[in-house]
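Student: Could you take me through how some helices and strands are arranged here, one question at a time?

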Number of protein chains: 2
Amino acid sequence: MKLTPAQIAEFEERGFLFLPSLFTAEEMGVLNAEVPGMFAQTRPEVVREKGSDAPRTAFYVQTWNEAFARLARHPRLVEPGMQLLGSDRLYMHQFKINAKAAFDGAVWQWHQDYGTWYEDDQMPAPKAMNIALFLAEANEFNGPLMFIPRSHRVGKLAAGHDVTTTSYPLWTIDNAAITRLVDEGGIVAPKGPPGSVLLFHCNLVHASGSNLTPWSRWIVYLSLNRCDNAIRRFSRPAHIANRDFTPIEMLPDDCLVRYARERRPAAE
Amino acid sequence: MKLTPAQIAEFEERGFLFLPSLFTAEEMGVLNAEVPGMFAQTRPEVVREKGSDAPRTAFYVQTWNEAFARLARHPRLVEPGMQLLGSDRLYMHQFKINAKAAFDGAVWQWHQDYGTWYEDDQMPAPKAMNIALFLAEANEFNGPLMFIPRSHRVGKLAAGHDVTTTSYPLWTIDNAAITRLVDEGGIVAPKGPPGSVLLFHCNLVHASGSNLTPWSRWIVYLSLNRCDNAIRRFSRPAHIANRDFTPIEMLPDDCLVRYARERRPAAE
């Protein structure tokens, strides 16, 4: 899985790249079968929405679920990350499933992920990125990710620490800056079926609205960082800001399908 | 202004009718010039979002603003209402501007307006309707109205009184019923420029999401009711559930433009 020069140029210009239906329905079936059981668990890695039992995020899932452990090493995700970050030595800074649950999914305010990684984790440089895999369809109604194109080009913006709006503390950007960036770049919300992949720069400003629909909008996020850009401060729990900087070793492209076959009882 | 038989049939089938750009930019300029000064007022008719100073709704504005007093009698809005409700004798049950303010606009949960009009106001029958005029563009990002097409056909649904989610108490519908209705009818969110008009049945199930964008999404709502269907209970303030059942007398079609010309100093 190699991005073309045109795809790399688009990522650098706009700050993101959308690859609809990169994973098959069979592969998504393998992953989605695991999710309800994961969100049902009571453990520190599973965070719930403020004022409800609805799941908001399941962190560090590669350490407690085998299917997602394979996804975290999947070449269709990791190899483009290596190309865009310019290094074969990447580690997983954060790996999570955001639920944006049907009826209860709450907003994520406008922010840059690097704002949090810098302020809380002392990540030296914005040489990290996100890769989102849609587990469920993202449509205009169920709180899709909203990007401000080209906003990654302004560098790290001033941010305030929002610890009240939702259940998850976030370094968020003030309204005047957002207005200026939107005037210049507009807003886009890539939509697509399960299996679609969104790659985006760690300084790209993004947000997502509430989800009032009956359709949960599960997304897996890989936050990849260069091993030579490892974080220096360990103020957040390891399941939120990983302290294991071992380089990711990719698995074969069919690792998810094989996982399902290996678990199936042998036919007689 | 007369709706065609095809338009009336569409309203009856789907529960709503969308008329993009029914008012001109000049007319919208007349109305929009008034709005910031109205939302800035501290008065019982102006309700603010929970936990912020952002305006949520300005009620009963036809009694305290002359431009909106004219809009409340505008033939392009009132005459279609007469056609759809089958009576020339209509009064204004409620007349308001919803702000859905930039950055701060919060959700309206799934509800039928007739649920509230029946429970709180003892309106005898669902022989009333809403006409929404977009003061600002409604787009996919700024919390547009979401409808479940054909949901008006199931009649009044059971509803619970939600007094905690937002600043405005509302009779809202449970998740199981919404899931069933969306399975059958889907969700639509009509979008369009200022001056667009949405007519919808008082039993049509609708909601709207949060607005995280720099774009406020002001909408005026006329809630028209037949005079022979006047409310019987006066538990809510008169500025929220009007007790003056005088039939609306329409003004000429150019009433808004004339208002602006009359106020302008005479040219020398």
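Student: In which hand does H2(A) pass H8(A)?

Tutor: This is a predicted model, in which local features need pLDDT of at least 70, side-chain atom pairs count only at pLDDT 80 or more, and totals for chains, interfaces and linings use all residues. Residues are numbered from 1 along each chain as its sequence is written, chains are lettered from A in the order in which they are written, and side-chain values use heavy atoms, without hydrogens and water. A crossing is called left-handed if the near helix is turned anticlockwise from the far one by less than a right angle, and right-handed if clockwise. For H2(A) passing H8(A), the crossing is left-handed.

Student: Which residues of H8(A) does H2(A) meet?

Tutor: Contact means heavy atoms within 4.5 Å. From H2(A), the residues taking part are A:Glu26, A:Glu27, A:Val30 and A:Leu31. Their counterparts in H8(A) are A:Leu256, A:Val257, A:Tyr259, A:Ala260 and A:Arg261.

Student: In what order do the 7 strands of the open sheet in chain B stand?

Tutor: Two strands pair if DSSP finds at least two bridges between them, and in this sheet the pairing is antiparallel. Strand S1 (16-19) and strand S2 (46-48) of chain B each have a single partner strand, so they stand at the edges. The order is S1-S10-S6-S12-S4-S3-S2.

Student: What is the bridge partner of B:Phe59 in S4(B)?

Tutor: Strand S3 (residues 55-59) of chain B runs antiparallel to strand S4 (residues 90-98) of chain B, and 3 bridges join them. In S4(B), the partner of B:Phe59 is B:Lys96.

Technical notes. Helix = DSSP H or I, 4+ residues; strand = E, 2+ residues; numbered from the N terminus.
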